[in-house]
Amino acid sequence: NSLKDIEEITNPVAGKYALADFADALTDVQKVKKDFPSLLYQNLVLYPKATSQMAKTVLGPFTHMRNFLSASAFAAANGILPLGNLDDVKQAFAALQLKGFRKQNEFYQELLDLGVVNSNVQIKQIMDLMEDAKFGEVLNKVGPDYNGFNTFMKGLKKLQKGAQDAYTAEDDFWKIFTFLGEKGRLDTAYRNSGLRLGQEFVDPNGVKQIFNDEYLKREAANLV
C-alpha cells in the first residue's frame with residue numbers, strides 16, 4: 001500500500017484513463033527530451049531565452065530596486081505603513097533566507113507552508129525554463145575536455161545564486177512584513193469585538209472557528 005501511495009504522489013496520473021493521444025503525450029514527454037532535435041531546441045532556444053530573462057530580472061540592479069519598491073507599495077495599498085512597525089521590520093529581516101540573516105528559520109518555514117513567502121511567479125518561471133533547458137547541457141559540453149562553456153558558467157554561478165536569493169528576499173521581506181501587520185490588525189479587531197483566545201466563534205464565511213494564533217496566521221496568510 002505504501003508503494004502505491006508513493007506512486008500516486010510522484011505520478012498523479014498513475015492508474016488513470018485517458019484518450020490514446022493524450023496518454024502518449026504524457027508518457028512520451030521524457031523520451032522526446034532525449035532526442036537530438038529536442039536537445040538542440042532546449043539549448044539553442046530555451047537556454048538563451050532563460051538566460052536573457054534572467055539578465056533582465058535577477059541580474060539587473062534596477063530591476064532589484066523596482067522589485068523592492070513595488071512590493072513596498074503593495075504593503076501600503078493594504079493600509080500597512082511601510083517600515084511603520086519597527087518590531088515587524090526586525091522580525092521580517094531576521095526571517096530572510098540570506099547570508100547574514102537566517103535567524104528565524106522555523107518562522108520562515110512556517111510562512112513557506114502557509115504560502116506567504118517564496119511565491120514570486122516570475123523567478124519561478126525563469127528557473128523552470130532553465131530546468132527545461134537542463135541549464136545548457138549540450139552547450140556546456142562544447143570545448144576541450146567537454147568543459148568549454150561550463151567553465152565560464154561556473155564562474156558566474158555564485159553571482160547568479162546570490163542575485164536570485166536577493167531577488168526572492170526583496171519580495172519576501174514585504175510579504176512577511178505585510179503578514180505580520182495583517183495578523184496584528186486581525187488580532188486587534190477580534191479582541192475589540194469581545195473575543196478571547198480559545199473562544200469559539202463563527203467566522204464571516206459561517207464556519208465555526210477557534211480564536212487562536214493558528215487561526216490568525218491562516219487568515220493573515222490569505223490576505224497577503
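**Entry 1: a starting residue**

I began with Phe-173, which counts as buried because its relative accessibility is 1%. For this label I used under 20% relative accessible area as buried, over 50% as exposed and anything in between as partly exposed, with a 1.4 Å probe and protein chains only. I noted that this is a predicted model: local features need pLDDT of at least 70, side-chain atom pairs count only at pLDDT 80 or more, and totals for chains, interfaces and linings use all residues. Residues are numbered from 1 along each chain as its sequence is written, and side-chain values use heavy atoms, with hydrogens and water left out.

**Entry 2: the whole chain**

I looked up the overall layout next. The protein chain has ten helices and two strands. Helices (H or I, at least four residues) and strands (E, at least two) are DSSP runs, numbered from the N terminus. Along the sequence I read the pattern α-α-α-α-α-α-α-α-α-β-β-α. Of the 224 residues in the protein chain, 32% are buried. Accessible areas come from the Shrake-Rupley method with a 1.4 Å probe; for residues, only the protein chains shown count as cover.

**Entry 3: aromatic rings**

How many aromatic pairs does the structure hold? I found twelve. In one of them, Phe-68 and Phe-173 are stacked, at 6.2 Å centre to centre and 25 degrees between the planes. Rings of Phe, Tyr and Trp (its six-membered ring) pair if their centres lie within 6.5 Å; planes under 30 degrees apart count as stacked, over 60 as edge-to-face and the rest as tilted. This pair links distant parts of the chain: Phe-68 sits in helix 5 and Phe-173 in helix 9 (residues 148-192), 105 residues apart. Phe-68 is partly exposed, because its relative accessible area is 32%.

I then checked Trp-174 and Phe-177. Their ring centres are 5.7 Å apart and their planes stand at 90 degrees, so this pair is edge-to-face. The two are three residues apart in helix 9, so about one helical turn separates them. Trp-174 is buried at 3% relative accessible area, and Phe-177 is buried at 1%. Phe-68, Phe-93, Phe-173, Trp-174 and Phe-177 form one aromatic cluster.

**Entry 4: a surface patch**

I turned to Phe-62 in helix 5 (residues 61-77). Phe-62 counts as exposed because its relative accessibility is 68%. With Met-65, Phe-68 and Leu-69, Phe-62 forms a nonpolar patch on the surface, with about 450 Å² of accessible area together. Like charges are joined within 9 Å, nonpolar side chains (Val, Leu, Ile, Met, Phe, Trp, Tyr) within 5 Å.

**Entry 5: polar and charged residues**

Is Asp-171 buried or exposed? Asp-171 is buried, at 10% relative accessibility. Its side chain joins that of Lys-175 in a polar contact of 2.9 Å. A polar contact is a pair of N or O atoms within 3.5 Å; within protein, one must be able to donate a hydrogen and the other to accept it, and residues adjacent in sequence count only if both atoms are side-chain atoms.

Lys-217 lies in helix 10 and is buried at 13%. Leaving aside neighbours within four places in sequence, I found Lys-217 in contact (heavy atoms within 4.5 Å) with Glu-110, Leu-114, Phe-179 and Lys-183.

Key:
Patches are made of residues with over 30% relative accessible area and no salt bridge: like charges are joined within 9 Å, nonpolar side chains (Val, Leu, Ile, Met, Phe, Trp, Tyr) within 5 Å. A salt bridge is a side-chain nitrogen of Lys or Arg within 4 Å of a carboxyl oxygen of Asp or Glu.
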